[in-house]
Each structure stands twice: as structure tokens, then as C-alpha cells.
Amino acid sequence: MPKLSGSSRGTAAKQRNVVRSMTRRHQVGAAGLLVAAGAGAAAGALAGARMISGPRRPWPDYRFSTFEVGVPSEDVTFAVDDGTRLSGWWLDRPGSERVVIVSHGHRGNKSDMLGIGPGLWRAGNSVLLFDFRGNGDSDDGPQSLAHYEQADLRAAIEYAVARRPDAALVLVGFSMGASVSILVAADDPRVRGLVLDSPFADMHGVIANAVTRLRLPAVPLVWLTDRATRWRYGYGFHQVAPIEAIGRLAPRPILLMHGDQDRVIPLEHAHRLFAAAGEPKHLKVFEGADHCGGYFQERAAYIRLVADFVDGIRRA
């Protein structure tokens with residue numbers, strides 16, 4: 001085996017040093033990328049948690065009222081147990097057999113319900129439309145995706161029952177409002193029936209779908225967003241699971257509705273909820289409809305479907 005000269009040995013040593021230096025730089029660079037990726041994921045999780053549960057109001061906050069639809073209403077306010085003041089419209093039908101409480105979706109307000117609300121009033125029901133905390137005319141308070149809002153719906157129920165203790169109580173909810181309705185009614189037998197348009201079965205699933213739609217990695221971003229939500233807003237995704245509560249609604253009737261092209265809360269949420277629910281129950285799937293889009297396909301037919309269902313509900 002040939003021996004290396006002094007100059008050759010020096011050259012080999014320099015090459016080894018260069019390789020070691022490059023290796024160290026690559027290791028440092030890879031570590032930097034991992035740190036940056038971790039920091040980016042953490043920042044994304046915090047931003048996601050804020051989008052879900054942080055305070056946010058539209059500007060300018062222009063909204064329609066019952067004036068635009070020609071329905072007489074009374075401006076009402078009532079308080080939640082934590083002191084948050086909520087605002088609503090009471091659409092009165094003296095002597096009606098039912099009171100319907102309508103709950104809007106995430107980041108929405110009672111003005112969004114000026115189709116179904118007046119429609120059910122014209123069908124002969126007293127109706128309460130109200131704003132969840134942090135929305136519309138209601139005060140700010142700890143917000144969430146269907147966690148803190150459960151206390152709001154419970155306060156609305158107390159208000160409605162105090163005004164009409166003789167009437168059957170029906171909940172109508174859309175998206176988050178529908179999920180809140182399931183969670184609250186499961187433990188309140190005063191609720192005699194529910195209309196649920198586009199509810200989600202579990203918070204983890206709906207957030208994972210949102211992350212995937214943004215072409216972001218669900219793992220670990222959903223887990224990180226859950227942790228950020230717990231740290232910043234005081235609740236976790238596992239605490240919002242209508243799929244675990246819907247079975248307790250039986251034997252009260254449920255009308256579940258969903259669009260088969262829903263990009264926000266996929267149709268599989270409706271199928272899971274329907275499977276977990278007891279009888280009597282009915283599932284209406286709107287072909288070609290996106291999120292909460294069934295109403296807009298045929299407004300009159302939608303109101304008629306809901307009004308006919310509500311008309312069959314009686315006080316226990």
C-alpha cells in the first residue's frame with residue numbers, strides 16, 4: 001500500500017476538516033429549520049385559536065332588523081350567569097302553543113335569522129332571536145366555538161320560559177348554533193324538539209377539516225391549536241362534542257338538515273349525528289347545497305318544512 005507524502009496527508013486532513021465544517025453547518029441549518037418550523041407552527045396555532053375564539057366584530061357593523069321584513073318585534077335583553085348581557089328580538093304570538101328560540105352560527109348575529117325567524121312567526125309561533133356573546137348587539141364576553149355559548153342559550157331558554165311557561169319550547173339552530181342546541185337540550189328536558197341545520201359532530205373534526213382546506217398539515221397543527229385554545233381561551237376541543245350528547249335527546253323529535261356539498265362542516269358530520277341520535281328523527285339532505293345553503297335553494301319550501309315539523313311538537 002503506497003504511503004502518503006506529507007503534503008498529501010495535509011491535503012487529506014484539510015478535506016476532512018472541510019467535511020466536518022460542512023456537516024456542522026448542515027446540522028445547525030437543519031436545527032434552525034426545525035426551530036423555525038416549530039415557531040411557525042406555534043404561531044399558526046395561536047392565530048388559529050384567535051380566529052376561533054378571539055374577540056372580533058365586523059366593521060362597519062351594518063345589520064338589518066325586523067323593520068326590513070315588516071315584522072313587529074320587541075327589543076329584549078337578558079343576562080347570562082357570568083354577567084354577560086345578551087340582546088334579542090321577541091316576536092310575539094299571544095296564545096301560541098310554541099316558543100321557538102333560533103340560534104345563529106359562529107361569528108354571525110340575529111340578523112342572519114331574519115328569514116327563518118319571521119317565517120316561523122308567520123306560521124303562528126312566538127319566536128326569540130338573539131345574539132350570542134361578542135356578536136350583534138350583545139356584550140362581549142369569553143367567546144368560543146360552542147363552549148361558552150352554551151351558557152348564552154341556557155339564558156335565552158330561561159327568558160323564554162319565564163315569558164311563556166305554558167308553551168312548548170323548540171330550538172332551531174344553524175351551524176355552531178345547532179351544535180350548541182344539541183349540547184344544551186341534552187340536559188334540559190324543557191326543550192321538546194330541535195331543528196338542526198348543519199351542526200358539527202365534534203370540534204376536533206371541524207377544525208381538522210378547516211386546516212386541510214387551507215392545505216396545511218393537520219398533524220400537528222390541530223393538536224397545537226387545541227393546546228393554544230386551552231392556554232389562551234380556557235377550553236379544549238374535547239369539551240365540545242355534540243356526538244356524545246345527541247343520544248340523550250330521545251324521545252324528543254329531531255329534524256337534522258345538511259347540504260351534501262358543505263365545505264365547512266362535511267356531510268359525514270350529519271350522518272354520524274343521525275346514527276347516534278335516538279328516535280324520532282329525520283334527516284334532510286339538500287343536494288348541491290353548501291354550508292347552511294338549504295334555506296337559499298327554496299326559501300318558501302324550507303320554511304314550510306321547518307314550520308310543519310315545529311307544528312307537530314307539543315308541550316309535555
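In which handedness of crossing does α6 pass α7? The crossing is right-handed. Keep in mind that this is a predicted model.

**The helix pair**

Helix α6 covers residues 203–213 and helix α7 covers residues 218–233; their axes come within 10 Å and cross at roughly 130 degrees. Angles of 65 to 115 degrees would be roughly perpendicular and those over 145 roughly antiparallel, so α6 and α7 are oblique to each other.

Who touches whom? On the α6 side you'll find H204, I207, A208, V211 and T212, and they meet A218, L221 and V222 of α7. Sorted by class, the residues of this contact come out as six nonpolar and two polar, with no charged ones.

**The cavities**

Searching the whole structure turns up two cavities of 30 Å³ or more. Here's how they look side by side:

| Cavity | Volume | Lining by class |
|---|---|---|
| Largest | about 50 Å³ | two nonpolar, five polar, two charged residues |

For the second largest cavity, select R57, P58, D61, R107, G108, N109, G134, N135 and G136.

Definitions and conventions. Residues numbered from 1 in each chain as written. Predicted model: local features only at pLDDT ≥ 70, side-chain atom pairs only at ≥ 80, totals over all residues. Heavy atoms only, no water. Axes fitted to C-alpha atoms, helices over the stretch in contact; angles between N-to-C directions. Helix = DSSP H or I, 4+ residues; strand = E, 2+ residues; numbered from the N terminus. Parallel < 35°, antiparallel > 145°, perpendicular 65-115°, else oblique. Left-handed = near helix turned anticlockwise from the far one by under 90°. Contact = heavy atoms within 4.5 Å. Nonpolar A, V, L, I, M, F, W, Y, C, P; charged D, E, K, R; others polar. 1 Å grid on protein atoms, 1.4 Å probe; cavity = no way out; pocket = protein on both sides within 12 Å on 5 of 7 lines; lining within 4 Å. Points joined across faces, edges and corners; volume = space filled by probe spheres on them.
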